[in-house]
Amino acid sequence: MTPKDVLEFAKKNGARQLDLRFTDLPGVQQHVSYPIGQLSEASFEEGFGFDGSSIRGWAAINESDMLLIPQPETAVMDPFFQVPTLVLLCEVVDPITRQHYERDPRWIAKKAEMYLGTTGLGDTAFFGAEAEFFIFDSIRFDSNQYEGYYHIDADEGRWNTGREGVNLGYRPRYKEGYFPVPPMDHMQDIRAEMVEEMIKVGLDIECHHHEVATAGQCEIDQRFDTLVKSADNMMLYKYVVKNVAKKHGKSVTFMPKPLFGDNGSGMHVHQSIWTNGKPTFAGDGYAGLSQTALWYIGGLLKHARALSAIIAPTTNSYKRLVPGYEAPVNLAYSRRNRSAACRIPMYSASPKAKRVEFRPPDPSSNPYLAFAAMLMAGIDGILNKIEPGEPLDKDIYDLSPEEMKAVPSMPASLDEALVCLEEDHSFLLKGDVFTEELIETFIGYKKKNEADAVRLRPHPYEFSLYYDI
């Protein structure tokens, strides 16, 4: 759309409010609203002022004035507000220099796309993310000087099979929730409504289903798109999922590991590079891949430990990324084998279907930063012809201890991941996609507000282990 098209779209749909949205450094969407009369064609150049110092991980108080620049191609009508509201995603610029703000995640993703074009390796990067989530009925949590706890409840949770009163007993067993039909799958209708709302706002949905865990773990799959568009779509996806759940008196979390002893939620990311409308990942090599694709995998595997701080960016992420459990912590590649960090899907022999699926990411990540960082790692692999080594087609979890020693693994904690990012991030700086200042800010924020904050607090299970010492 052009700015003029957006104004016509707003009028056609009876918009009375304008909602401007952008994403903070941790990956949570923010918004500010105006009467629709405040939007004009000039607004797409002049922007709307706001205080950037109040946004997590952003500007200091002395550099707080910023502008939100609406992006006309992102226009959509909000499906949940009572007052008809036009939504526009924004980029952030400095009001004095008119330069893009280097901590704006969407701008970083755009720069990654532009950098790909400058390398001559391709003109389009396609990303398709499969985000999993839980739908709970109730959540309580608190942490203070004298207590720390959480309490989850879900009617579908296996722990409720012994609940007194009316109890029909249809609840997925732990780790056995994949694909059961109703009444075992309690979430069919609510997922279907989520899909309907997603389609209304322009998302291209392929399928939806119950996931492995009990207590309402679900997945809704989107069709792939270009890098920035896929990140935009993921933010809209989360917004729709959470608001449909709220409408039904339920709560959604994209935490990677909210339940002990059951599967966590991942966000497997399919990716490929195309040029002039043709796939560059198709060839006559292993699993039908080109040498370009194998080098791309080499880049992902080489930089995976540094990437982990961005693609699995929470302390909770490393409750999921545990050796021997469901998440692929071992850095290898394989066709079909879901225990490898990089999987090459074999559903179709079509060259257009050739892609790499990177499995360690989880949905707590900021999609703009995560997609950009993975592309940068893959590009580095191609430019430097990084070989991924031999494929590992055996089940990694069945390897002997001697064989396992030869397979590198993901970090075991957010602290370790942040150290890896400190030591290996030059590939992210190419083309000024990420800046040194942004990396330092990201690491500092994660250390202070998350890693250190969790480390300082006693864990509830420590009382079971140590109270009687």
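**The enclosed spaces**

Modeller: Phe127, Gly128, Ala129, Gln222, Arg223, Ser230, Asn233 and Met234 line the largest cavity. Strand 7 and helix 5 (227-247) are the elements that each give two or more residues to that lining. Helices here are DSSP runs of H or I with at least four residues, strands are E runs of at least two, and both are numbered from the N terminus. A cavity is a set of points on a 1 Å grid, over the protein atoms alone, where a 1.4 Å probe fits but cannot get out, and lining residues have an atom within 4 Å of a point.

A word on what you're looking at: this is a predicted model, where local features need pLDDT of at least 70 and side-chain atom pairs count only at pLDDT 80 or more, while totals for chains, interfaces and linings use all residues. Residues are numbered from 1 along each chain as its sequence is written, and side-chain values use heavy atoms, with hydrogens and water left out.

Back to the largest cavity: its volume is about 60 Å³, a volume being the space filled by probe spheres set on grid points that are joined across faces, edges and corners. By class, its lining has 3 nonpolar, 4 polar and 1 charged residues. Here Ala, Val, Leu, Ile, Met, Phe, Trp, Tyr, Cys and Pro count as nonpolar, Asp, Glu, Lys and Arg as charged, and the others, Gly among them, as polar.

In total, the structure holds 2 cavities of 30 Å³ or more.

Now follow strand 6 itself. 9 of the 9 residues of strand 6 (residues 85-93) are buried, so the strand is largely enclosed by the rest of the structure; buried means under 20% relative accessible area, with a 1.4 Å probe and protein chains only. Thr85, Val87, Leu89, Glu91 and Val93 point one way, and Leu86, Leu88, Cys90 and Val92 point the other way.

As for neighbours, strand 1 (residues 17-23) runs parallel to strand 6, joined by 5 bridges; strands pair if DSSP finds at least two bridges between them. Leucine 20 has leucine 88 as its bridge partner in strand 6. Strand 4 (residues 65-70) pairs with strand 6 in the antiparallel sense over 4 bridges, and there isoleucine 69 partners glutamate 91.

Technical notes. Buried means under 20% relative accessible area, exposed over 50%, partly exposed in between (1.4 Å probe, protein chains only). On a 1 Å grid over the protein atoms alone, a cavity is a set of points where a 1.4 Å probe fits but cannot get out, and a pocket is an open set with protein on both sides within 12 Å along at least five of seven lines; lining residues have an atom within 4 Å of a point.
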